[in-house]
Amino acid sequence: RCNLRCKMCGQWGEGGVTRAAGAETLSRELSQQQISSVIDEAVRFRSNITLFGGEPLLYPGCVELIRYIKAKGLHCLMITNGSLLERYAEAIVDAGLDELNLSLDGSEEIHDRIRGVPGLFAKIMAGVDSLNYFKAMKANARPLINLQCTITRYNYRDLEQLLAVAARMKADSLTFHNLIFLNRSVLEEQ
């Protein structure tokens, strides 16, 4: 599930594969027990576990899942759109998340336009501020904050603006990605 419909998203965007799925398919989720079973099997491989979606913070047991992964001694990373970050900031720090990869497309105006949600950038900034507050308050360096920007026709001229954004967010890294091309026509269009 996802609470956004970002223009370029390969799942929920204008040409996303999930948009064609029926309501019954989209309403199915693995139970906490099913996910825990998969994690139990992954322990012997010393796996790195990445939680992503859609938006992983929409999953009701997301924080408990992070705790479970960390209790098993595994590295846990979450990829999020940041829209729910402020609500879960303290719990994420307390759960021991190792890395938070935050999808960000540019400065406030560019990000909100691409994501189609006015005020989203400010909401994300408030979430990151809250996360950094709880990290400092609890003397915890984790989770690392990694900004991830997908380069698209909507933002490629303004990528340098993310340097100031990353500094303001106290990000540990900034990564630029290409789109995930689902077919030849999407590739050619971009």
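Analyst: One definition comes before the helix packing. Axes are lines fitted to C-alpha atoms, for helices over the stretch in contact, and angles run from 0 to 180 degrees between N-to-C directions. The model is predicted: local features need pLDDT of at least 70, side-chain atom pairs count only at pLDDT 80 or more, and totals for chains, interfaces and linings use all residues. Residues are numbered from 1 along each chain as its sequence is written, and side-chain values use heavy atoms, with hydrogens and water left out.

User: What makes α4 roughly parallel to α6?

Analyst: The two helices pack at an angle of about 20 degrees, with their axes 8 Å apart. Angles under 35 degrees count as roughly parallel, over 145 as roughly antiparallel, 65 to 115 as roughly perpendicular and the rest as oblique. Therefore α4 is called roughly parallel to α6.

User: Which hand does the crossing of α4 and α6 have?

Analyst: The crossing is right-handed. The near helix is turned clockwise from the far one in a right-handed crossing, and anticlockwise by less than a right angle in a left-handed one.

User: Which residues of α4 and α6 meet?

Analyst: From α4 come Leu85, Glu86, Ala89, Glu90, Ile92 and Val93. They meet residues of α6 including Ala126, Leu131 and Phe134. Contact means heavy atoms within 4.5 Å.

User: Why is α5 called roughly perpendicular to α6?

Analyst: Helix α5 (residues 108-115) and α6 pack at an angle of about 110 degrees, and their axes are 8 Å apart. That angle makes α5 roughly perpendicular to α6. On the α5 side, the contact uses Glu108, His111, Asp112 and Arg115. On the α6 side, it uses Leu120, Phe121, Ala122 and Ile124.

User: Why is leucine 159 called buried?

Analyst: Buried means under 20% relative accessible area, exposed over 50%, and partly exposed in between (1.4 Å probe, protein chains only). Leucine 159 has 17%, so it is buried. It is found in the loop between β4 (144-150) and α7 (161-168). Neighbours within four places in sequence aside, leucine 159 is in contact with Cys149, Ile151 and Phe176.

User: How do you know that the buried residues of α4 line one face?

Analyst: In α4 (residues 85-95), Leu85, Ala89, Ile92, Val93 and Ala95 are buried. Seen down the axis, they fall within an arc of 150 degrees, so they line one face of the helix. The arc is that of the directions from the helix axis to the C-beta atoms. These buried residues pack against α3 (62-71), β3 (99-103) and α6 (120-137). Just after α4, glycine 96 takes a positive phi of about 95 degrees.

User: What puts the buried residues of α2 on the same side?

Analyst: The buried residues of α2 (residues 32-42) are Ile35, Ser36, Ile39 and Ala42. They cover an arc of only 115 degrees around the axis, which puts them on the same side. Gln33 and Glu41 are exposed on the other side of α2. The buried residues pack against β1 (48-51) and α3.

User: How many helices and strands does the protein have?

Analyst: It has eight helices and five strands. Helices (H or I, at least four residues) and strands (E, at least two) are DSSP runs, numbered from the N terminus. Of the 190 residues of the protein, 43% count as buried.
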